[in-house]
Amino acid sequence: MTLPTSSSGNPANRRFVLLCLAIGVLSIAAPFAFPAIVKQLSIFWVMVIVAYTWDTMGGQLGYNSFGNIVFFGAGLYMSAIVQIAPFTNMRAYTAAGEQGEALALSMGQYLGGLAPGLVAAALTGFVLAVVFGFIILSLRGHYFAIGTLALGIFLAQIFANWEFVGAGSGITMPEFPGQGRASDQNKSILFYFLCFGLASATIVALRWLYSTRFGLAINAIRDDEDKAEAMGITTTRYKVVAWSVSGFFLGVCGALYGNIVRFVDPEETAFDGPGLGVWMVLMAVLGGKGSLWGPLIGAVLFHLTKELLWTYLLGFQNIVLGILVVVIVVFFPEGIMGWVRSRWPHMFGESVDLSRQAEASK
Amino acid sequence: MTALLDVRSVSKSFGGVSANRDISIDVGEGEIVGLIGPNGSGKTTLFNSIVGFHPLDKGSIRFSGREITKLRVPRIAQLGLLRTFQQTRIYSKMTAMENMAVSTPHRGVSLAGMMTRQSREVTEKSEVLLDFVGLYSKRFLRGGDLSFGQQKLLEFAMALMNEPRMLLLDEPTAGINPTLINGLIDRLKRVNADLGITLLVIEHNMRVIMNLAERIYCLAHGELLAEGAPETIQSDPRVVDAYLGAS
């Protein structure tokens with residue numbers, strides 16, 4: 001990240017605004033231009049959100065978390081409970097499992113459950129991150145990474161054994177009201193814009209956060225935590241806040257994802273550590289950790305590759321994905337944006353200022 | 001002269017190695033004090049003890065009359081007692097300007113206070129201080145892209161940015177081009193005289209420390225060996241023995 005050190009960045013600012021506008025217009029037009037793949041497009045924004053929120057920890061703070069999936073899954077389940085429990089007997093509903101009928105609601109009930117569900121999911125992600133943060137953010141480096149890995153497994157096991165939410169047989173989210181293709185399309189469009197909105201909110205919020213002195217402090221912790229402490233930065237609270245911001249957006253993101261896929265399996269949908277939990281790391285690393293556009297670029301490339309592989313190379317997709325990971329790590333260890341930055345540093349304002357050379361060298 | 005830093009009978013051992021044994025030193029407000037001793041004599045351990053990097057086995061440390069023995073590292077730094085590192089530590093992926101901006105004093109700064117953009121004064125002060133150490137033209141480069149000596153200077157500028165009352169400098173001239181060392185001594189003296197920052201300096205370069213310090217402590221084998229004015233220390237037979245290895 002670069003500081004706004006000079007006000008001469010007007011052309012760059014204009015380019016930035018134009019780029020954002022272009023992305024915005026494309027994103028709003030996309031579901032109408034490609035009605036057949038609206039669901040995939042929604043999931044693309046989910047990918048963007050998980051990549052950005054992972055980068056807050058892994059890229060900006062320097063804490064490689066394999067446990068961010070926990071907030072995603074917990075938010076998803078919290079939203080499921082808020083959306084289902086007020087309208088039916090939760091225990092009987094989940095006992096019926098995948099074979100049972102999905103909960104049918106009126107539009108008022110559906111939206112009346114979804115809205116508080118999303119809020120509850122956000123709070124769940126936030127609170128869990130604060131609690132887990134105080135417990136394991138005192139670990140550093142690899143120890144933290146392993147600790148977070150354990151968190152993911154721990155929560156997946158809890159939900160896979162909790163009868164109230166269907167335990168191992170999962171839970172079916174409420175049916176979107178209405179019938180036929182028009183209704184399906186309405187649902188897809190609604191969730192597309194919720195995902196797009198959340199992704200935009202996440203990116204704007206994180207961009208703002210990184211532009212403040214808080215952003216500088218977490219970068220300092222990433223580069224040298226001992227030094228940061230020696231300079232008077234009380235690091236724990238910064239780490240906890242960074243993680244809880246991640247948790248907040250991930251919670252909502254999980255809730256949206258659950259509603260999009262409809263059937264929630266504890267280990268394959270909610271706490272999919274080996275899948276989504278790893279993909280979020282991959283996308284951020286591929287695009288460039290700790291850069292503003294990196295996670296977005298990573299998500300575009302990854303989601304495109306993944307969808308194409310699933311379509312044309314089904315059966316081999318994980319092998320090809322594995323090869324892709326190796327190629328990224330070997331040839332672009334700093335990710336695409338990291339590679340661009342080390343190749344053209346002046347584009348990022350890294351240059352020697354010779355205007356006062358005579359004075360400086362006296 | 002009142003003692004700004006008062007170290008009383010500090011002991012610290014690591015396993016069977018006694019790194020500091022019953023060491024007492026004091027540094028008065030506005031003084032420049034040197035700390036010398038052969039490799040492994042316990043100088044850096046003493047620094048670590050003072051800034052709260054590890055708990056003490058025995059002894060107490062007071063800063064500005066306040067007991068700080070049990071305080072943690074950031075808390076002590078916020079009181080204005082700051083150290084630099086022997087293996088220079090800067091934030092390598094941040095630009096020199098960002099390194100400076102994040103080094104403002106953190107005393108009493110709330111989390112909400114950190115959720116603001118940096119002020120123009122911070123930018124200006126960063127530029128002035130980088131100019132002071134001769135890094136102005138390199139201010140948009142990343143810390144990790146600077147040479148070792150430049151990183152050392154950046155670390156010094158960051159310490160000044162923090163507005164400390166006292167600086168513990170761990171070998172400030174190590175790795176710095178000999179032609180720049182005189183300039184650095186001059187800057188350290190100016191910081192002391194103009195900004196009133198008290199200095200406690202670990203240094204291996206005898207010429208530097210004899211030029212800089214008003215008073216010197218010498219450690220050997222974890223114990224305080226001698227104390228006195230530079231001339232006294234230089235001619236003290238015990239110090240000469242410790243350095244030359246004859247005993």
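Which residues have the most contacts inside the largest nonpolar core? They are V50(A), C253(A) and A157(B), and the core that holds them has 169 residues. A nonpolar core is here a set of buried Ala, Val, Leu, Ile, Met, Phe, Trp, Tyr and Cys residues joined through C-beta atoms within 7 Å. A residue is buried if 20 or more other C-beta atoms lie within 10 Å of its own, exposed if 12 or fewer, and partly exposed in between, with C-beta atoms placed from the backbone.

The structure is a predicted model, in which local features need pLDDT of at least 70 and side-chain atom pairs count only at pLDDT 80 or more, whereas totals for chains, interfaces and linings use all residues. Residues are numbered from 1 along each chain as its sequence is written, while chains are lettered from A and ligands numbered from 1 in the order in which they are written.

Helix α2 (residues 38-61) of chain A gives the most to the core, with 14 residues. Helices (H or I, at least four residues) and strands (E, at least two) are DSSP runs, numbered from the N terminus. Domain 1 (1-80 + 164-247) and domain 2 (92-106 + 115-163) of chain B both give residues to this core, so the core lies between them. Leaving out residues up to four places away in sequence, V50(A) touches F72(A), L250(A), C253(A), L276(A) and M280(A); two residues are in contact if their C-beta atoms, placed from the backbone, lie within 7 Å.

S42(A) is in helix α2 of chain A. This residue is buried, with 25 other C-beta atoms within 10 Å. Apart from its neighbours within four places in sequence, S42(A) is in contact with S188(A), F191(A), Y192(A), C195(A) and I260(A).

Helix α7 (residues 180-211) and helix α10 (residues 235-261) of chain A pack at an angle of about 170 degrees, with their axes 10 Å apart. Axes are lines fitted to C-alpha atoms, for helices over the stretch in contact, and angles run from 0 to 180 degrees between N-to-C directions. The two helices, α7(A) and α10(A), are therefore roughly antiparallel to each other, a description used for angles over 145 degrees. On the α7(A) side the contact includes F191(A) and C195(A), and on the α10(A) side it includes C253(A) and I260(A). By class, this contact of α7(A) with α10(A) has 11 nonpolar, 2 polar and no charged residues. Ala, Val, Leu, Ile, Met, Phe, Trp, Tyr, Cys and Pro count as nonpolar, Asp, Glu, Lys and Arg as charged, and the others, Gly among them, as polar.

In chain B, the centres of domain 1 and domain 2, taken over C-alpha atoms, are separated by 25 Å; the domain bounds come from an automatic or database domain assignment. Between these domains of chain B, 10 residues of domain 1 are in contact with 11 residues of domain 2. Helix α7 (residues 178-195) of chain B gives the most to the domain 1 side, with 3 residues.

The contact between the chains takes 37 residues from chain B and 31 residues from chain A. On the chain B side, α2 (73-78), α3 (96-101), α4 (111-114) and α5 (120-132) each supply at least two residues, and α2(B) gives the most, with 4 residues. The residues of this side of chain B divide into 16 nonpolar, 11 polar and 10 charged.

Definitions and conventions: Parallel < 35°, antiparallel > 145°, perpendicular 65-115°, else oblique.
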